[in-house]
Amino acid sequence: MGILTKERVKINVFETAGENCCVAACDGQKVYDIITAALCENKKIELSFAETSELTPAFLNSAIGQLYGCFPPEQIENNLLFTDISEEDEIILKRVIERAKTYFEHAYTCRKALKDVLGGEEDA
């Protein structure tokens, strides 16, 4: 896991991904796995983007976006702090988060509608 301080797990994206260009979803998955473990333990997380030179939506969707399918938005927002991120990358991150929240908020409704149209079994 990342570096544990008194109350916070600090995750350095550069060190976790192993590169300063964070473009691949598989590298984002590494970050996601650490964040998920910390959130499951109700820990606060500081996600540092120090030394990263490039972030892509694919990386951020994998690292951050999919969290919204597993945890309530309030838990993520109250426990995950982003640091050392450029203004440009912060714009991309905010867009990824908003899209993930919208997607996962409506995912159940969409899956149910698809099952209704295709004639699938209802979930219990």
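Visitor: Is phenylalanine 49 buried or exposed in this model?
Guide: The model is a predicted one, and within it phenylalanine 49 has a relative accessible area of 2%. Because a residue counts as buried under 20% relative accessible area, phenylalanine 49 is buried.

Visitor: Which kind of pair do the rings of phenylalanine 49 and phenylalanine 82 form?
Guide: A search of the whole structure finds 2 aromatic pairs. In the pair of phenylalanine 49 and phenylalanine 82 the ring centres are 6.3 Å apart and the planes stand at 35 degrees. Planes under 30 degrees apart would count as stacked and those over 60 as edge-to-face, so this pair is tilted.

Visitor: How many residues apart are phenylalanine 49 and phenylalanine 82, and where does each of them lie?
Guide: Phenylalanine 49 belongs to the loop between strand 4 (44-48) and strand 5 (54-55), whereas phenylalanine 82 belongs to strand 6 (residues 80-83). Phenylalanine 82 is partly exposed, with a relative accessible area of 24%.

Visitor: What is the geometry of the pair formed by tyrosine 103 and phenylalanine 104?
Guide: The ring centres of tyrosine 103 and phenylalanine 104 are 4.9 Å apart, and their planes are at 80 degrees. Phenylalanine 104 is partly exposed, at a relative accessible area of 30%. Since planes over 60 degrees apart fall in that class, the pair of tyrosine 103 and phenylalanine 104 is edge-to-face.

Visitor: How many disulfides does the model contain?
Guide: The sulfur of cysteine 26, an exposed residue with a relative accessible area of 54%, has its closest cysteine sulfur in cysteine 22, 11 Å away, which is too far for a bond. For cysteine 40, also exposed, with a relative accessible area of 55%, the closest cysteine sulfur is that of cysteine 70 at 8.2 Å, again too far for a bond. A disulfide requires sulfur atoms within 2.5 Å, and the count for the structure comes to 0.

Visitor: Which element gives the most residues to the largest nonpolar core?
Guide: This core has 29 residues, and those that touch the most other members are Ile35, Leu47, Phe59, Leu60, Ile64, Leu67 and Leu80. Two or more residues come from each of strand 2 (8-12), helix 1 (13-17), helix 2 (25-40), strand 4, helix 3 (57-63) and helix 5 (87-118). The element that gives the most, with 6 residues, is helix 2.

Visitor: Which residues does isoleucine 64 contact, leaving aside its neighbours within four places in sequence?
Guide: Isoleucine 64 is one of the core residues that touch the most other members. With its neighbours within four places in sequence set aside, isoleucine 64 is in contact with Ile35, Leu47, Leu80, Phe82, Leu93 and Ile97.

Visitor: What distance separates the C-alpha atoms of isoleucine 92 and glutamate 46?
Guide: Isoleucine 92 has its place in helix 5 and is partly exposed, with a relative accessible area of 21%. Not counting residues up to four places away in sequence, isoleucine 92 touches Leu55, Pro57 and Leu60. Isoleucine 92 and glutamate 46 are 46 residues apart along the chain, and their C-alpha atoms are separated by 18 Å.

Visitor: What is the phi of asparagine 42, and where does this residue lie?
Guide: Asparagine 42 counts as exposed, at 60% relative accessibility, and its phi is positive although it is not a glycine. Asparagine 42 lies in the loop between helix 2 and strand 4, and its phi is about 55 degrees.

Visitor: What pattern does the protein follow along the sequence?
Guide: The protein has 5 helices and 6 strands, and buried residues make up 36% of its 124 residues. Read along the sequence, the pattern is β-β-α-β-α-β-β-α-α-β-α.

Note on methods:
Residues are numbered from 1 along each chain as its sequence is written. This is a predicted model: local features need pLDDT of at least 70, side-chain atom pairs count only at pLDDT 80 or more; totals for chains, interfaces and linings use all residues. Side-chain values use heavy atoms; hydrogens and water are left out. Rings of Phe, Tyr and Trp (its six-membered ring) pair if their centres lie within 6.5 Å; planes under 30 degrees apart count as stacked, over 60 as edge-to-face and the rest as tilted. Helices (H or I, at least four residues) and strands (E, at least two) are DSSP runs, numbered from the N terminus. Buried means under 20% relative accessible area, exposed over 50%, partly exposed in between (1.4 Å probe, protein chains only). A nonpolar core is a set of buried Ala, Val, Leu, Ile, Met, Phe, Trp, Tyr and Cys residues joined through side-chain atoms within 4.5 Å. Contact means heavy atoms within 4.5 Å.
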